Amino acid sequence: MDISITGNDGKNKICIDNLIAARKSLKLSLEKSKILGLALDKAGPRLEEINQRLPSLEAAVRPIRADKDALAAVGGHINRAVGPAAAVLKVFDAVHGLEKSLLSDPRNDLPGYLSVLKRLEEALRFLGDNCGLAIQWLEDIVEYLEDNRIADGRYLSNLKTSLDGLRELQNDGERIHLDGGLLDAALDKLENEFRRLLTVHSVPLPMSSPSLGEQACIAPSPLPVTVIQKLQAILGRLIANNRLEKCITIYIEVRSSNVRASLKGLDLDYLEISVSEFNDVQSIEGYIAQWGKHLEFAVKHLFEAEFKLCNDVFERIGLDVWMGCFAKIAAQAGILAFLQFGKTITESKKEPLKLLKLLDIFASLNKLRLDFNRLFGGAACVEIQNLTRDLIKSVIDGAAEIFWEIFIQIELQRQIPPPKDGSIPKLVCFITEYCNKLLGDEYRPILTQVIVIHQSWKHKKFQEINLVNEVLKIIKAVDLNLETWVKAYGDGTLSCLFAMNSHWHLYKHLKGTKIGELMGDAWMKEHEQYKEYYAAIFLRESWGKLPGHLSREGLILFSGGRATARDLVKKRLKTFNEAFDDMYKKQSGWVISERDLREKTCQLIVQTILPVYRSYMQTYGPLVEQDASSSKYAKYTVQGLEQMLLSLFQPRRERYGSFKGRPTGSKFDNGVDLRRTASAVV
């Protein structure tokens with residue numbers, strides 16, 4: 001074998017072995033690279049996670065890097081801040097524990113409800129007093145952590161944002177946010193219970209008698225004592241929470257409505273009447289009489305009860321409060337309407353009867369003077385006081401003005417012609433009755449008081465004797481008017497009838513009266529005698545002349561025969577009939593107003609004529625009854641004549657009814673309009 005060949009073969013084998021080894025090494029390296037790549041792929045997310053956790057890890061280890069003294073002090077700061085905050089949270093949890101009780105109905109257990117409400121108020125006061133302190137402590141520890149870089153900045157930022165929100169809520173009505181509106185809801189329920197208690201126990205007073213006489217019901221205690229105590233307990237809590245005004249509003253609304261309901265049974269629609277809705281005072285005379293009774297009932301029973309109840313319910317709060325409450329109840333319930341009605345009467349047109357009605361109004365107000373001063377004397381009732389004073393002044397001024405003008409108007413009437421039918425002038429009829437009333441026991445003291453007050457405003461004195469003298473002066477003026485009117489008639493017979501009428505009226509209507517007593521017996525007797533005097537003249541100068549036409553002269557001794565006698569009887573009957581017809585026609589339109597005088601006068605006329613006529617017809621009637629024209633002469637039967645005479649002098653009511661019995665204006669039936677001056681009253 002060749003040695004050189006052997007050597008080459010050895011070298012080649014070594015190279016191959018090296019290549020194989022290199023390939024194995026490369027393959028191993030590739031596998032390791034592959035494994036490393038996979039490991040790197042897995043390490044990427046973990047590195048990212050580590051990167052995200054680094055800030056929190058940094059914050060966690062920051063205290064380790066903080067100043068040793070700051071780190072040692074932070075525990076005390078945190079404890080001081082957390083203590084108040086924990087106490088606030090504990091009370092806050094207690095507040096929510098009261099929610100179920102306070103959202104229930106107070107009527108079920110009012111004392112218990114008020115007790116729970118008081119606990120809520122105390123808790124809210126604690127929260128209100130301590131929330132600010134807790135927030136301040138928390139703000140201080142945040143500032144400490146921030147200054148000493150002990151805590152993470154983002155954490156501190158979030159904490160500061162939360163604290164700023166709490167501070168803002170505290171400054172913007174902390175109570176609402178502290179209890180979630182629970183206190184307001186509870187107070188609303190108490191207000192509703194306050195209204196319910198008032199409404200349930202406010203029952204309108206029953207009206208058992210429209211006339212409000214002795215049968216009228218007197219108001220009992222408006223509310224039971226237990227109810228008043230409940231109202232006061234509710235008020236206590238509502239006042240503590242600034243709800244007094246709402247309570248007063250509720251109270252006024254309920255109680256004024258109750259008084260109005262009580263008054264509704266009295267049918268007070270007339271209080272709304274205006275001056276333009278009635279012609280004169282007499283047309284609403286009944287309303288004025290009712291007004292006095294209704295006002296007295298309202299003041300003494302309804303408003304008196306409300307006055308007492310306001311005091312009972314609100315006495316612990318103060319005089320101004322309950323007086324103001326009562327004033328509004330009285331005004332809303334209708335006292336102003338009562339006063340305004342009286343004012344309306346004073347503004348109506350002046351007429352004589354208005355004086356009596358004004359005196360009625362004054363008497364009603366004067367009777368209630370002490371009650372008005374006590375009930376409406378406070379400063380809160382100034383509107384009622386002003387309207388009352390205005391009404392009283394208008395009543396006194398109006399009454400005094402009418403009274404002083406009566407005499408003047410009577411003098412003006414003297415110039416007016418008397419009634420054409422000889423009847424009593426309406427002036428005389430009215431004034432006699434009117435003056436009797438003015439000096440009667442009912443009106444004299446009232447009128448005296450009114451005139452005294454009115455004169456005192458002018459710094460003048462007036463006594464009752466002055467009133468008497470003034471009324472007597474009026475009667476004497478009427479007497480003088482009668483004398484003047486008697487002379488004004490052109491017909492003497494009618495003048496006598498008028499004089500007889502007037503004198504008898506004065507005598508009859510003044511006899512036994514205060515005026516008759518003051519005028520004296522001589523004056524009264526004079527009028528009675530004048531009546532008799534004028535009655536005799538009237539009869540003699542009128543009906544007394546008729547029997548003379550039925551003379552028997554010439555018939556008894558007549559010798560001319562039956563035919564001549566018949567002609568003479570016919571002639572005398574014809575003359576009698578003509579005179580009777582003329583007299584009857586003339587006087588059938590005349591009037592004797594007084595029934596007793598009318599009947600007596602008719603009887604005297606009958607007694608004057610009928611016996612003569614009856615005898616004449618019995619004796620000479622047969623002479624003409626056989627004649628074909630007998631009806632022309634035997635015109636009247638005795639019975640027919642009597643009926644005609646007894647029907648004379650009847651008043652025609654549509655023209656001559658009593659002054660009082662018809663609507664009263666400023667005119668009399670004799671055609672005189674006394675509204676010639678603005679102050680005319682009769």
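Modeller: pLDDT is the predictor's confidence in each residue, from 0 to 100. The structure above is a predicted model, and its protein chain averages a pLDDT of 79, with 72% of the residues scoring at least 70.

Biologist: Where in the protein chain is confidence lowest, and where is it highest?

Modeller: The lowest confidence falls in helix H25 (residues 653–656), with a mean of 41. The highest belongs to helix H14 (residues 369–376), at 95.

Biologist: Over which residues is the pLDDT below 50, and how should such a region be read?

Modeller: Where pLDDT is low, the predicted coordinates should not be read in detail. One such stretch is residues 213–220, where the pLDDT is below 50 and the model has 14 contacts beyond near neighbours in sequence. Another is residues 654–682, where pLDDT stays under 50; for these residues the model has 75 contacts beyond four places in sequence.

Biologist: I should now like to turn to helix packing. How do the axes of H13 and H17 cross?

Modeller: Two packed helices are described by the angle between their axes and the distance between the axes. For helix H13 (residues 352–367) and helix H17 (residues 444–457), the axes come within 10 Å and cross at roughly 85 degrees. Angles of 65 to 115 degrees count as roughly perpendicular, and H13 and H17 are therefore roughly perpendicular to each other.

Biologist: At what angle do H19 and H23 pack?

Modeller: Helix H19 (residues 492–510) and helix H23 (residues 595–625) pack at about 135 degrees, their axes being 10 Å apart. That angle makes H19 oblique to H23. H19 passes H23 in a right-handed crossing. The contact joins Met-500, Asn-501, Trp-504 and Lys-508 of H19 to Asp-596, Leu-597 and Thr-601 of H23. Its classes are three nonpolar, two polar and two charged residues.

Biologist: Finally, what is to be noted about the phi of Asp-267?

Modeller: Most residues other than glycine have a negative phi. Asp-267, although not a glycine, has a positive phi of about 60 degrees; Asp-267 lies in the loop between helix H9 (244–264) and helix H10 (285–314).

Biologist: Where is His-459 placed, and is His-459 buried or exposed?

Modeller: His-459 is in the loop between H17 and helix H18 (464–486). His-459 also has a positive phi of about 60 degrees without being a glycine. With a relative accessible area of 77%, His-459 is exposed.

Conventions. Residues numbered from 1 in each chain as written. Predicted model: local features only at pLDDT ≥ 70, side-chain atom pairs only at ≥ 80, totals over all residues. Heavy atoms only, no water. Axes fitted to C-alpha atoms, helices over the stretch in contact; angles between N-to-C directions. Helix = DSSP H or I, 4+ residues; strand = E, 2+ residues; numbered from the N terminus. Parallel < 35°, antiparallel > 145°, perpendicular 65-115°, else oblique. Left-handed = near helix turned anticlockwise from the far one by under 90°. Contact = heavy atoms within 4.5 Å. Nonpolar A, V, L, I, M, F, W, Y, C, P; charged D, E, K, R; others polar. Buried < 20%, exposed > 50% of the residue type's maximum accessible area, 1.4 Å probe, protein only.
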